Amino acid sequence: MKGLNSINKKAVPILLIIIGLILLLLTGYFLINLSVEKNNGIETIAYIHDIVSPPIATEDNKDEYFSLFEDYQQILKEYQDLEIIDENTTVAIIIRYMYNEEIYYAELGYYSANFFLAQEIVIYVNPKDSSKFVYDSGEHFSIWLGLIVGCMLFFGGLISILIIINNKIAVRYMKKNGQKVTAKILYVDESSREGRFNKHPFKVTCVYIDEETKEEKFYVSDRVYARNAAITYINREINVFIDPQNDKYYYVDIELFEKE
């Protein structure tokens, strides 16, 4: 049946399903984990204690830039020594909060240029370990985008797999029930797309001459990938299976070319 020759492209939809599933799992885990920690945590007011970031060189501070940078490195080291931030951190928001009459200092784990010193924010403290908390910035655009893209990839790949399965079923039906004729390849249409696994992509156009009516009937295959050069298939015979109910539907049997 026309349109049924692209049955060997399983890798792409499977890859789409895997990537989509990974995105869905990662983004779903983040949202579920955030929701669980917020529900189980104790809502607490925290304050921006310090904003640690490297100074930006400008015309106004070029004379004292190196001094500012040394101060920044010193502050960074102090927080690293206190194990508030790790050694790889270069930008950090340090918060201060009180829980059970004890004061804690910690890195927020989220940075925004809109933060300012002494700003109040809401965190959710883990009642089992008051040194741990979760902060919900409310900015989840990238997470929702990941969910949308993940859904598109997953269901797009799934639909492609279903189409491939449907095509395989249709090809089997056509080979079993279709009228089999032997046609001759007239010419090949080489695709501009790159090949894969040293195989060349092309389509074939073949002609069948009805013995009774002497009518010429032309059939075009879908894209096929074969190791041999496309031109070598000209004048070769090829089987075509025609739908007995509607001769507009057919299947050009190009599977042998892909196995050569």
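**Starting with one residue**

Is aspartate 81 buried or exposed? Aspartate 81 is exposed, with a relative accessible area of 53%. Here, buried means under 20% relative accessible area, exposed means over 50%, and partly exposed is in between (1.4 Å probe, protein chains only).

Before we go on, some ground rules. This is a predicted model, where local features need pLDDT of at least 70, side-chain atom pairs count only at pLDDT 80 or more, and totals for chains, interfaces and linings use all residues. Residues are numbered from 1 along each chain as its sequence is written, and side-chain values use heavy atoms, with hydrogens and water left out.

Let's look at helix α2, which covers residues 65-81. Helices (H or I, at least four residues) and strands (E, at least two) are DSSP runs, numbered from the N terminus. The expected span is 1.5 Å times one less than the number of residues.

Which residues of α2 are buried? They are Tyr65, Tyr72, Leu76 and Tyr79. What covers them includes β1 (42-52) and β2 (92-99), where contact means heavy atoms within 4.5 Å. The face turned away from the buried side carries the exposed residues Phe66, Glu70 and Asp81. After α2 comes glutamate 83, whose phi is positive, near 60°.

**Salt bridges**

Side chains of opposite charge can pair when their charged atoms come close. A search of the whole structure finds four salt bridges, each a side-chain nitrogen of Lys or Arg within 4 Å of a carboxyl oxygen of Asp or Glu. Aspartate 81 takes part in one with lysine 77, their closest N and O atoms being 3.1 Å apart. The two sit four residues apart in helix α2, so about one helical turn separates them. Lysine 77 is partly exposed, at 45%.

Another salt bridge joins aspartate 136 and lysine 38 (2.9 Å, N to O). Aspartate 136 lies in the loop between β5 (133-134) and α3 (141-177), and lysine 38 in helix α1 (residues 11-40), so the pair ties together parts that are 98 residues apart in sequence. Lysine 175 and aspartate 253 also meet in a salt bridge, at 3.6 Å from N to O. That pair links helix α3 to the loop between β11 and α4 (255-259), 78 residues apart. Aspartate 253 counts as buried at 11%, while lysine 175 is partly exposed at 33%.

**Aromatic rings**

The structure holds 10 aromatic pairs. Rings of Phe, Tyr and Trp (its six-membered ring) pair if their centres lie within 6.5 Å; planes under 30 degrees apart count as stacked, over 60 as edge-to-face and the rest as tilted. The rings of phenylalanine 154 and phenylalanine 155 have centres 5.2 Å apart and planes at 85°, so they are edge-to-face.

Tyrosine 219 and tyrosine 250 are edge-to-face too, with 4.8 Å centre to centre and 70° between the planes. Tyrosine 219 is in strand β8 (residues 216-220) and tyrosine 250 in strand β11 (residues 250-252), so this pair ties together parts 31 residues apart in sequence. Tyrosine 219 is buried at 4%, and tyrosine 250 is buried at 8%. Elsewhere, ring pairs link Tyr65, Phe66, Phe69 and Tyr72 into a cluster.
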